[in-house]
Amino acid sequence: MNKSRSSKQSFSIKIKPELLQQQEQHFLEVEQQDPQSPYFRGQSDQIKAAPRRRFMLGAIASMGVAGAQTAFAASPGSKERPVPADATKTQGVGVATDDGGYGFRSQFETEVRTRYATKTTESSWSFTPLQTSMGIITPSGLHYERHHGGIATIDPSKHLLYVHGMVKQAKKFSMSDIKRYPVVSRIMFLECSGNGLTEWAKPTLKTVQGTHGLTSTSEWTGVPLSTILNEAGLRPGAKWLLAEGGDAAVMTRSIPIEKALKDCMLAYGQNGEAIRPEQGYPVRLIVPGYEGNMCIKWLRRLEVSDKPFMTREETAKYTDLLPDGTALQFSFGMQPKSVITYPSGEMLLQKPGFYEITGLAWSGQGTITRVEVTADGGKTWHDAVLHGPVLPICHTRFSLPWEWDGKEAILQSRCTDDTGYVQPTIKKLVDERGLSSVYHLNGIQSWKVAATGEVSNVHHY
């Protein structure tokens, strides 16, 4: 990484924490009345009316009037269907009769990404609901988003990728050209370098979706970038690569040529199907372990040079301002990080007893080798179980059985990767970097469990 003198900067969108908090509170007000939500605030044996159609239909069906209509809408990604009193006495829905050949999720599942307040929807981001995630793969429809100029709509039959600059032969590739080359697939996480940007100075957002939801894992399928670069042929002295997107923001980032040749890929598939438009359809760059904004979506141009291009996104933005006024540039890598997703902020433990603490750990440097969990604020640590597959540059699921005694507790996790790096505290990061930058927060997250069972976001060192 480079150091350069810089004036004070901020995140590329002015953040107003109070607006984020308002939207999160609105989300929680709905979730806290849903008996199937981890944020439900009623009693575990008490079913309260929920402001969602799925529960209204269930109640109507139990009274023997299945099929009655209500004014509520189906949950996103689902189709609302009448719930019979006894499914064994009613024919089910016919195969491919009402889904157009592309299935729905259950109408009883309502997890969605949440978009927090920004002036426009085009330059904005959405958070993955980590609190209800299962395993390590993020469904494509719940993968976090970050856009600078909206979601581009591109016809793949007309899309071209140009490769030029310090190459022996400038070339252009259609999507059919790209798909002719030998294919590779890898399960990898992506993370926005601004993940957790509100949490540096003090606890701000309440839920794990708000504090850590700008990371997701998918299986990415495509062609090694080295294949395409070798087709064009690199000239001696080639050291950097400019990747440019085909969206309205024309997002551009400089990539070291060593990294490009090592493990980057052009992905046109995600989780077994074509990559989604919000993830860069028809093709995006994947730069394993580096900050998410470098994984240029709607990729349309690669220019090879002997020096970095010093674009807006690596000078005015996405650099780390230090206390002495210098800024770290090209701080590409996402360092080891973990978070407990259950129990986590705003959840309610109904009563003392057994709980399974679970969460996710990841590292852009390699493979997670260890996750430790504490329930007493770091006085004692216990090794969590790592659930396979444990892959490099990938989310790793961990868990630890816990017997809650009904007293106040502080839950934390810290991870170690195969380079030996141990996840630090937030205080340690602030002492080293100050509070002028919002990027690359990988400090230990703390959740306080009150004697009432209420869980909250705190800083604890």
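Which residues is S126 in contact with, leaving aside its neighbours within four places in sequence? I started my notebook with that one. S126 is in contact with R113, T114, R115, Y144, E145, G213 and L214. I took contact to mean heavy atoms within 4.5 Å.

**Ground rules.** I am working from a predicted model, where local features need pLDDT of at least 70, side-chain atom pairs count only at pLDDT 80 or more, and totals for chains, interfaces and linings use all residues. Residues are numbered from 1 along each chain as its sequence is written, and side-chain values use heavy atoms, with hydrogens and water left out.

**Entry: more on S126.** I placed S126 in strand β3, residues 124–127. Helices (H or I, at least four residues) and strands (E, at least two) are DSSP runs, numbered from the N terminus. I then checked its cover. S126 counts as buried because its relative accessibility is 5%. Buried means under 20% relative accessible area, exposed over 50%, and partly exposed in between, with a 1.4 Å probe and protein chains only. R115, one of its contacts, is 11 residues away in sequence. The C-alpha atoms of S126 and R115 are 4.3 Å apart.

**Entry: the whole chain.** I counted seven helices and 25 strands. Next I looked up the overall size. The C-alpha atoms fill a box of roughly 75 × 60 × 40 Å along the principal axes. Of the 461 residues, 52% count as buried.

I also looked at contacts between residues at least 6 apart in sequence. Of these, 71% join residues at least 24 apart. The chain exposes about 20,300 Å², with carbon and sulfur atoms supplying 54% of it. Accessible areas come from the Shrake-Rupley method with a 1.4 Å probe, and for residues only the protein chains shown count as cover.

**Entry: charges.** I found 51 positive and 46 negative side chains. The centres of the two sets lie 5 Å apart. Lys and Arg count as positive and Asp and Glu as negative, while His and the chain ends are not counted. The place of a charge is NZ of Lys, CZ of Arg, CG of Asp or CD of Glu.

**Entry: cores.** Which residues touch the most other members of the largest nonpolar core? They are L225, L241, L285 and L299, in a core of 52 residues. A nonpolar core is a set of buried Ala, Val, Leu, Ile, Met, Phe, Trp, Tyr and Cys residues joined through side-chain atoms within 4.5 Å. I followed up L241. Beyond four places in sequence, its contacts include L225, L229, I255, I257, L302, V304 and F309. R253 and E303 are also among them. A second, separate core has 31 residues, including Y355, I393, W402 and L411.

Entry: Most residues other than glycine have a negative phi, and most peptide bonds are trans. I noted two cis bonds. The bond from Y281 to P282 is cis, with omega near 15°. P282 sits in the loop between β12 (273–274) and β13 (284–286). The bond from Y342 to P343 is also cis, with omega near -10°. P343 is in the loop between β17 (337–342) and β18 (353–362).

I then looked up positive phi values. Y318 has phi near 55°. Its place is the loop between β14 (299–305) and β15 (320–321). Y318 is buried, at 2% relative accessible area. F330 has phi near 60°. It lies in the loop between β16 (326–329) and β17. F330 is buried too, at 7%.

Entry: Is D263 buried or exposed? D263 counts as buried, with 16% relative accessibility. I found D263 in the loop between α6 (257–262) and β11 (265–270). Beyond four places in sequence, D263 touches R186 and P288. Its C-alpha atom is 7.0 Å from that of P224, 39 residues away along the chain.

T227 is in helix α5, residues 225–232. At 21% relative accessibility, T227 counts as partly exposed. I178 is 49 residues from T227 in sequence, and their C-alpha atoms are 9.5 Å apart.
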